[in-house]
Amino acid sequence: MDYETLIQNFIDGKLDKSQETKLFMEMASNEELRNELKESIALDKAFNQKLSSYAPSGKATVGVFGALG
């Protein structure tokens, strides 16, 4: 089973209940897999925070398009 894909799908909210159960059962006895989940969550959180810092504000967007006509 590809646990990396299951972890990513879990983070993205795309796992069905049976897949989630399989992932959690394996994580219960697999410290490496638990660490992988923690790292994936941290990376996802950091990426989303960085991405939002680069997004222009609504006011800036309106200003640019307003200037373009």
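**Entry 1: the end of the chain**

I started with Leu68, which sits in helix α4, residues 58-68. For helices I used DSSP runs of H or I with at least four residues, and for strands runs of E with at least two, numbered from the N terminus. I noted that this is a predicted model, where local features need pLDDT of at least 70, side-chain atom pairs count only at pLDDT 80 or more, and totals for chains, interfaces and linings use all residues. Residues are numbered from 1 along each chain as its sequence is written, and side-chain values use heavy atoms, with hydrogens and water left out.

Is Leu68 buried or exposed? I found Leu68 exposed, at a relative accessible area of 67%. My cut-offs were under 20% for buried, over 50% for exposed and partly exposed in between, with a 1.4 Å probe and protein chains only.

Areas come from the Shrake-Rupley method with a 1.4 Å probe, and for residues only the protein chains shown count as cover.

Just after α4, I noted a positive phi of about 95 degrees at Gly69.

**Entry 2: the whole chain**

I listed four helices and zero strands, in the pattern α-α-α-α along the sequence. The C-alpha atoms fill a box of roughly 60 × 20 × 15 Å along the principal axes. The radius of gyration is 19 Å, whereas a compact globule of 69 residues would have one near 11 Å. I took this radius over C-alpha atoms, and the globule rule is 2.2 Å times the number of residues to the power 0.38. Buried residues are 12% of the 69. The chain exposes about 5,600 Å², with 57% of it supplied by carbon and sulfur atoms.

**Entry 3: the core**

Which residues make up the largest nonpolar core? I found seven: Leu6, Ile7, Leu15, Leu23, Met27, Leu33 and Leu37. Two or more of them come from each of α1 (3-11), α2 (17-28) and α3 (31-54). A core is a set of buried Ala, Val, Leu, Ile, Met, Phe, Trp, Tyr and Cys residues joined through side-chain atoms within 4.5 Å.

For contacts I took heavy atoms within 4.5 Å. Leaving aside neighbours within four places in sequence, Leu15 is in contact with Leu6, Asn9, Phe10, Glu20 and Leu23.

Met27 belongs to helix α2 and is buried, at 8% relative accessibility. With residues up to four places away not counted, Met27 touches Leu33, Arg34 and Leu37. I also looked from Met27 to Gly63: they are 36 residues apart along the chain, and their C-alpha atoms are separated by 50 Å.

**Entry 4: two residues of α3**

Ser40 lies in helix α3 and is buried, with a relative accessible area of 18%. Beyond its neighbours within four places in sequence, I found Ser40 in contact with Ile7 and Ile11.

Ala46 is in helix α3 too, and counts as partly exposed at 38% relative accessibility. Ala46 and Gln8 are 38 residues apart in sequence, and I read 15 Å from C-alpha to C-alpha.
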